[in-house]
Amino acid sequence: MNLRNELEKTAADRRLWSKGDCIVVAVSGGPDSMALLHMLSAVAKSNEISIIAAHVNHGFRVEESAHELIVVKQFAEQLGVICETVTFDMPSYIEETRMNGQAASRERRYGFLHEIATRYGASRIALAHHADDQAETVLMRVIRGTGLTGLAGILSKRREKNVELIRPLLRMNKSDLLRYCEEHQIPYCTDSSNKERHYFRNIIRLDILPYLSKHNPHISQSLQRLAEVAGAEDEWMEKQTEALFAQLVTLSPGGCAISCDDLHGLHVALQRRLIKLILSYLSKETEKISFEQIETMRLAASTHAPATWRIDAGAGICCAREYDRMRWIQVPQHVSKEASVYLCEVGRDKASLAIEQCGWTFEFAYTSALESCKPASRYEACFDASELTYPLVVRNRQPGDRIQVLGLNGSKKVQDMFVDEKVAPLKRELYPLLFDGSGKLLWIPGIRRSSHALTDVHTKDVLFIRAGNE
């Protein structure tokens, strides 16, 4: 099939563009991107699209890079296509930032492409990845270790920021693109770095694929088909996972939660995907979260796992099992443990208190009529104010805190009270405790009060307190 016809068929099948679209074409100067620019310029009128060429000189191969820039500009001019270029000093940038060379180059290159797209109001950025690139990518991921999403390889389209990245050549082989350049007398440059074996992709291209082709001459096509099949199945499973996320996951500021039964009741493949989707919802830096970490979180929801448990999931996320629920919360990296410690003093003249760290509020009222302020729940309590030392103190738990529980002999550790009442581990560190000025623990709101400062019919100075949690 004529490659231009194949390009248009692929664009229609995968809805790569619509009439009226402006498309930025990333042109390196190699045969793939030059062929893409030529094809798009040839079909632009009939497809009612407009194109802008964009070229980046990274500054690595000084003479080669300068020549590539000239070739791209001249070819774009020959086609009557606007061409935007930029030159970066990437060696200096990498030295300053200490970033990985390939990652830094990609960051600057894509930044420029997005800048051009914004300048011209383009809705698409076209990239020249082809079928051989797809085969190399899939094999690289298999060697390094991957799942179904990785096997899908390079996607034909993907939204990034406010534009869509499209790859119209993904079904075309390198040899066909080279032949197309020869037939249409398209100039192109050869990147000498493509032969340097310190790049893993080059080793795949130059050594591993040729070796494997001795055992399967159609290895590249097999890997391409694998990517097609895996991509379709991955897309379907992702939609199923998104539906389960909306149905089962409870969202809160900076956190997600799900019932252990709901999570453990799913097929194991959906369990893993749902956990990954939750992590991606909370952070954009989840690439380094390993399969082993996902598996640890998944197994923590099983019926045989401990009732309370927590782990640093990575990417600034903490995962915890809290009895019958699993929770994931964002943990600000810049907040120290000391910053979460709080202590608030409450004088007799204070009517209310709001504690930002834990989200609790307290209301204080004094009366001489005990009958008018009987506690209606564990979130209300009455004390004989004449037996209290002021100022009162509301703070979070410290190691060794104990309470003289009303109705029990002796004292009990606050930590043990939390366990008995099934207070989630993530909530224990910030849970408010009420003390009087002498250090006596008077009340654990919502749980139990102490035997200190009890009221009776003779009490004339009653302190009524109501606590609430947002």
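This is a predicted model: local features need pLDDT of at least 70, side-chain atom pairs count only at pLDDT 80 or more; totals for chains, interfaces and linings use all residues.
Two strands count as paired when DSSP finds at least two bridges between them.

## An antiparallel sheet from E12 to E21

Strand E12 and strand E16 (residues 392-396) are joined by four bridges in the antiparallel sense. Within this pair, Cys344 has Val394 of E16 as its bridge partner. The two strands belong to an open sheet of five strands with antiparallel pairing, in the order E12-E16-E19-E20-E21. At its edges stand E12 (343-346) and E21 (448-449); each has a single partner strand, so one side of each is left without a neighbour in the sheet.

The peptide bond from Tyr390 to Pro391 is cis, and its omega is near 0 degrees. Pro391 sits in the loop between strand E15 (380-384) and E16.

Six bridges hold E10 and E11 together as an antiparallel pair, and Ala320 is found opposite Arg327 in E11.

The loop between strand E10 (317-322) and strand E11 (325-330) holds Tyr323. Although Tyr323 is not a glycine, its phi is positive, at about 65 degrees. Arg98 belongs to the loop between H4 and H5.

Are these two residues buried or exposed? Tyr323 has a relative accessible area of 14%, which is under the 20% cut-off, so Tyr323 is buried. Arg98 reaches 77%, which is over the 50% cut-off, so Arg98 is exposed.

Strand E1 (residues 22-26) is mostly covered, with five of its five residues buried. In a regular strand, side chains alternate between the two faces of the sheet. In E1, Cys22, Val24 and Ala26 point one way while Ile23 and Val25 point the other way, and all are buried. E1 runs parallel to strand E2 (residues 50-57), to which five bridges join it. One of the residues involved is Ala26, whose bridge partner in E2 is Ala54.

| Helix pair | Axis separation | Crossing angle |
|---|---|---|
| H1 (residues 3-14) and H2 (residues 31-47) | within 10 Å | roughly 65 degrees |
| H4 (residues 90-97) and H5 (residues 101-120) | within 10 Å | roughly 115 degrees |
| H6 (residues 131-144) and H10 (residues 219-248) | 8 Å | about 75 degrees |

Angles of 65 to 115 degrees count as roughly perpendicular. By that rule H1 is roughly perpendicular to H2, H4 and H5 are roughly perpendicular to each other, and H6 is roughly perpendicular to H10.

H1 passes H2 in a right-handed crossing. On the H1 side the contact is made by Leu3, Arg4, Leu7 and Glu8, and on the H2 side by a set of residues including Leu36, Met39, Leu40 and Val43. Sorted by class, the contact of H1 with H2 has seven nonpolar, three polar and two charged residues.

The crossing of H4 past H5 is right-handed too. Met90, Tyr93 and Ile94 of H4 make the contact with Gly101, Ala104, Ser105, Glu107 and Arg108 of H5. The residues in this contact of H4 with H5 comprise four nonpolar, two polar and two charged.

Which residues of H6 and H10 meet? From H6 come Ala131, Asp132, Gln134, Ala135, Val138 and Leu139, and from H10 come Ser220, Leu223, Gln224, Leu226 and Ala227. The contact of H6 with H10 has seven nonpolar, three polar and one charged residues.

Key. Residues are numbered from 1 along each chain as its sequence is written. Side-chain values use heavy atoms; hydrogens and water are left out. Axes are lines fitted to C-alpha atoms, for helices over the stretch in contact, and angles run from 0 to 180 degrees between N-to-C directions. Angles under 35 degrees count as roughly parallel, over 145 as roughly antiparallel, 65 to 115 as roughly perpendicular and the rest as oblique. A crossing is left-handed if the near helix is turned anticlockwise from the far one by less than a right angle, and right-handed if clockwise. Contact means heavy atoms within 4.5 Å. Ala, Val, Leu, Ile, Met, Phe, Trp, Tyr, Cys and Pro count as nonpolar, Asp, Glu, Lys and Arg as charged, and the others, Gly among them, as polar. Buried means under 20% relative accessible area, exposed over 50%, partly exposed in between (1.4 Å probe, protein chains only).
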